[in-house]
Amino acid sequence: MAVGNFTYRPQFQLLGLMDGTDAHPLLFLLFLSIYLLNALGNLSMVVLVRSDMTLCSPMYYFLGHLSLVDVCFTTVTVPRLLATLLHPVQAVSFQACFVQMYFFVALGITESYLLAAMSYDRAVAVCRPLHYGAVMTPWRCLALVAVSWAVAHLHSLLHTLLISALSYPSSATVRHFFCDMTVMLSLATSDTSAAETAIFSEGLAVVLAPLLLVSLSYAHILVAVLGVRTTGGRRRAFSTCGAHLVVVSLFFGSVLSVYFRPSSAYSARYDRLASVVYAVVTPTLNPFIYSLRNKEVKGALKRGFRWRAAPQDD
C-alpha cells in the first residue's frame, strides 16, 4: 500500500492553527516571538555547555542535549505554523508530510527520555550525594543519551511506516499546523485498526517508561526533601522541584491526552491547542526552568559576556 501511495502522490492541505482562510498577523507575531525566545534560550545553553568548563557535570551534559533537542523539535513545526498564520491552507506533499512526522515523533520521544534521565540524575544527586560520582559516570551518561536517541528513532520509524502504509485520498485537508499521527489516522480511507493497536500498545510502553522513571525519581526527591531540617533548604528544594514538575506535567499530560485515546474521541481543536503546549510552550520554558535560573549558568553567562566585552589584544 505504501508503494501505491508514492505512486499517485496524494497531497495534503495544512489548514493551520485556526479554521478558515483569514490571516492572523497578531498570532504570527506572538508565535514568532516565542520561537525566537526558544532559539535564543536553547542555543545559548548549547553554546554555554560546550564552551564553559565549569558546566561539565552530568546535569549540564543532559541539559545541553535537551536544549539541542528542544530547538530542533520546535523547528520541525513552528515555521510551518507561522506560514499558515499568514497564508492559511499550505500544500504539503506526501513525502514532506511523513518526513515531518518522523522527525517530530523522534524528537518528542527523545525529549521525554532526556527528561527522565535528568530526573534520575537529580534523584541520585539528592538521595545519594556521596555515591553520585560513582553512579553518574561519563560512560553511563553517554549510554543514557544514546539510548534516548536510539529508542526514539526506532519508535518513530515504526509509527511512520505504519501510518504511511495506509491509503489516503488524492487531496485532503489537514486540520492542524503539522502532519500529526492522530490527524493522519483520521484521514486514512483504509482500515486503521491494526495500525492503531500497534501504535497504542507500543507507543504507550515507550511513553510510560520515561513517565514512570520521572515519577519515581521525584517521589524519592520529595521524601529526601521532607527530611531536610532547615526551612530555607526545604523551601529552595520545593521551589526548584515544583517548577520542574510543572513543566514535566505539561509535557507528559498534553502528550497522553492527545495520543492515547480512541480515534472516536478525536477533536481537531483540542489537539491543536494541546500540541501548542508540548511542541511550542514546554520546549521554550525548559532552558529557563532547568538552566537559566541556576547560579552556575548565570555565572557562565556573565563570564561569556565579560569575555566578549573585553578588548582583544592585537
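Helices α3 and α4 run roughly antiparallel to each other (an angle over 145 degrees, where under 35 is roughly parallel, 65 to 115 roughly perpendicular and the rest oblique). This is a predicted model, in which local features need pLDDT of at least 70, side-chain atom pairs count only at pLDDT 80 or more, and totals for chains, interfaces and linings use all residues. Residues are numbered from 1 along each chain as its sequence is written, and side-chain values use heavy atoms, leaving out hydrogens and water.

**The α3/α4 pair**
- Helix α3 covers residues 58–86 and helix α4 residues 94–127; they pack at about 155 degrees, with axes 9 Å apart.
- Their crossing is left-handed, as the near helix is turned anticlockwise from the far one by less than a right angle.
- The residues of this contact comprise 16 nonpolar, five polar and five charged.

**The largest nonpolar core**
- This core holds 85 residues, and F12, Y168, M184 and Y278 touch the most other members.
- Core members are buried (under 20% relative accessible area, 1.4 Å probe, protein chains only) and are joined through side-chain atoms within 4.5 Å.
- Helix α4 gives the core its largest share, 16 residues.

**L154 on helix α6**
- L154 lies in helix α6, which spans residues 138–164.
- Its relative accessibility is 60%, so L154 counts as exposed (over 50%).
- L154 and A106 are 48 residues apart in sequence, yet their C-alpha atoms are 8.0 Å apart in space.

Key: Axes fitted to C-alpha atoms, helices over the stretch in contact; angles between N-to-C directions. Helix = DSSP H or I, 4+ residues; strand = E, 2+ residues; numbered from the N terminus. Nonpolar A, V, L, I, M, F, W, Y, C, P; charged D, E, K, R; others polar.
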